[in-house]
There are 2 protein chains.
Amino acid sequence: MTIVVTGCAGFIGSSLVDRLLAFGETVIGVDNFSTGQRRFLESALKNVAFRLFEVDLLDLSSLTASFAGGDLVFHLAANADVRFGTQRPGKDLEQNTIATYHVLEAMRANGIRRIVFSSTGSVYGVTDAIPTPEDAPFPVQTSLYGASKLAGEGLISAYCEGFGFQSWIFRFVSILGERYTHGHVFDFYKQLKADRSQLRVLGDGKQRKSYLYIQDCLDAMQVALEKAAEKINIFNLGVEGYCEVNDSIGWICRALQAEPRVEYTGGDRGWIGDNPFIFLDTKRIRSLGWTPKFRGVLPPVDWWPTAVRWPFASTTS
Amino acid sequence: MTIVVTGCAGFIGSSLVDRLLAFGETVIGVDNFSTGQRRFLESALKNVAFRLFEVDLLDLSSLTASFAGGDLVFHLAANADVRFGTQRPGKDLEQNTIATYHVLEAMRANGIRRIVFSSTGSVYGVTDAIPTPEDAPFPVQTSLYGASKLAGEGLISAYCEGFGFQSWIFRFVSILGERYTHGHVFDFYKQLKADRSQLRVLGDGKQRKSYLYIQDCLDAMQVALEKAAEKINIFNLGVEGYCEVNDSIGWICRALQAEPRVEYTGGDRGWIGDNPFIFLDTKRIRSLGWTPKFRGVLPPVDWWPTAVRWPFASTTS
């Protein structure tokens, strides 16, 4: 099978590419390298079953050409950093909504009808339904990021209805692991590497977050593709626990043996549109037999330094 | 107060403009006349309190210029004909999602922070929650139209969170009345005017629909604006009943004294993505004291011929 991966040079995309190639699949990788990193594809580029297209998803004709011969698309390319929506509000719309429309059109032009989409737990906005199931009450969007991802879900669903597509839509909590390059864990490490004596924390540190290890995330997507055969298959992906940002500060500091003075910017949210509590109900994906290998609130502490040091070390080299 | 109305030459927009001018408001009307009709503004254009801008919402700089001096925006411009999504899938995205983003940006540039938005009951997709309340289970989109309107809602909500906007979002059933220019009622009249002996009906005629009279719709929006003061105010608008398409065929035929041979295209949906049953729970808007003047399943039969003949007569003259 030939599998297209958009955002192939990103954190999740490149991890997926490596796994697909290991399984013997042929992979068409698409990335514009705006945030993707060529070094994440170091191994893939040595594999003849991997073809890389340096294409921007906003360029529909190049995108359409790159999809030729594909059987299934993992659409992972996105503006994935939720924090800066209000600084450039058109970016989420372009990168997450219009780009998704282009992916769908490129698929249609190539006769590809199966799509996997990385959505987000942010689409639930601020909800009273905790843990949040896939059929939670109709949410109100709080971030441009969540709104743009929900718009992508809507387009994909409408293509399933209108053009006979089949889709697997995953609403992620934060994903952590090797090649992870943004988010508060990465940010804390970066700050402490620069100065072990102080740490600036957005919000009051009491935001509760849930995390999933990248390999568990890829396992879940694989299980869903194998076992869920509805026209539109929507799954939350996460673990059965959560932690406070303050907890993770403790773990990171212990791992780095740092004792910084912690300064909070204040307020119950890290940034405008931040959701102070994301904790997803994952019964639906677990009913297919998937279980995360890292079942705790966070991946084990002894895993963290390696995982987070990896991209960090590279950016300072 | 100076009120901006996008889609001011449309069915709902022009009816709103006439009402606002009658109330003594100053109105900035924006329309690209792609489906809007200049004759709907005949009366408004004689009023010095009305300024018309022939502007396409995709042209952000002209749009921004046209909004100067506005205090509140009614964003009614849309690709409002739900049926043709799959024939040109980019149209709903452009006209309903990207255009809404432009409206929000034009507001931001002009310091306008209050927006009224015409969304649709189609955002609920095919739901088991009938009548459907505003907080129905998280829906799956079935039409590009619904998906594009939900994307518009998401953008507006995120601007409320991120930029201090305040919004009133209305999810309409079908609106009927003077100047109504599309939809099955209009289509049936048009067919019967051309040939009284036969009528072609999309689907099996058993699709259940709910309608609201245009003046009741405008009343509801006014009540909500006066009484609902949350950051984001979402209301279903509809009546407490519904009818089958077949019922309306009976009423229309009686009104026109026609006895056509009825031919059904078959299937439970009129077109791809059609929702065979839209019936909204309107407790929330009724709790503010609003009641539709036409409370029945449809506006009274004796009202129909006038209302529907009006635009029809004009298009054949």
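Phe33(B) is partly exposed, with 13 other C-beta atoms within 10 Å. Here a residue is buried if 20 or more other C-beta atoms, placed from the backbone, lie within 10 Å of its own, exposed if 12 or fewer, and partly exposed in between. The model is predicted: local features need pLDDT of at least 70, side-chain atom pairs count only at pLDDT 80 or more, and totals for chains, interfaces and linings use all residues. Residues are numbered from 1 along each chain as its sequence is written, and chains are lettered from A in the order in which they are written.

Phi of Phe33(B) is near 55°, a positive value in a residue other than glycine. Phe33(B) sits in the loop between strand E2 (26-31) and strand E3 (50-54) of chain B. Strands (E, at least two residues) and helices (H or I, at least four) are DSSP runs, numbered from the N terminus. Phi of Phe33(A) is likewise near 55°. Most residues other than glycine have a negative phi, and most peptide bonds are trans. A cis peptide bond joins Ile130(A) and Pro131(A), with omega about -10°. Another joins Ile130(B) and Pro131(B), with omega about -5°. Pro131(A) lies in the loop between strand E5 (114-120) and H4 of chain A.

A rotation of 180° with 0.0 Å of shift along its axis superposes chain A on chain B (RMSD 0.0 Å). That is the relation of a two-fold axis.

At the interface, 30 residues of chain A are in contact with 30 residues of chain B. Contact requires C-beta atoms, placed from the backbone, within 7 Å. H4(A) gives the most to the side of chain A that touches chain B, with 11 residues. By class, that side has 16 nonpolar, 11 polar and three charged residues. Ala, Val, Leu, Ile, Met, Phe, Trp, Tyr, Cys and Pro count as nonpolar, Asp, Glu, Lys and Arg as charged, and the others, Gly among them, as polar.

The largest nonpolar core has 184 residues. Such a core is a set of buried Ala, Val, Leu, Ile, Met, Phe, Trp, Tyr and Cys residues joined through C-beta atoms within 7 Å. Val5(A), Val17(A) and Cys217(A) are among those with the most contacts inside it. Cys217(A) is also one of the buried residues of H6(A).

Definitions and conventions: Least-squares fit on C-alpha atoms with pLDDT ≥ 70 in both. Contact = placed C-beta atoms within 7 Å.
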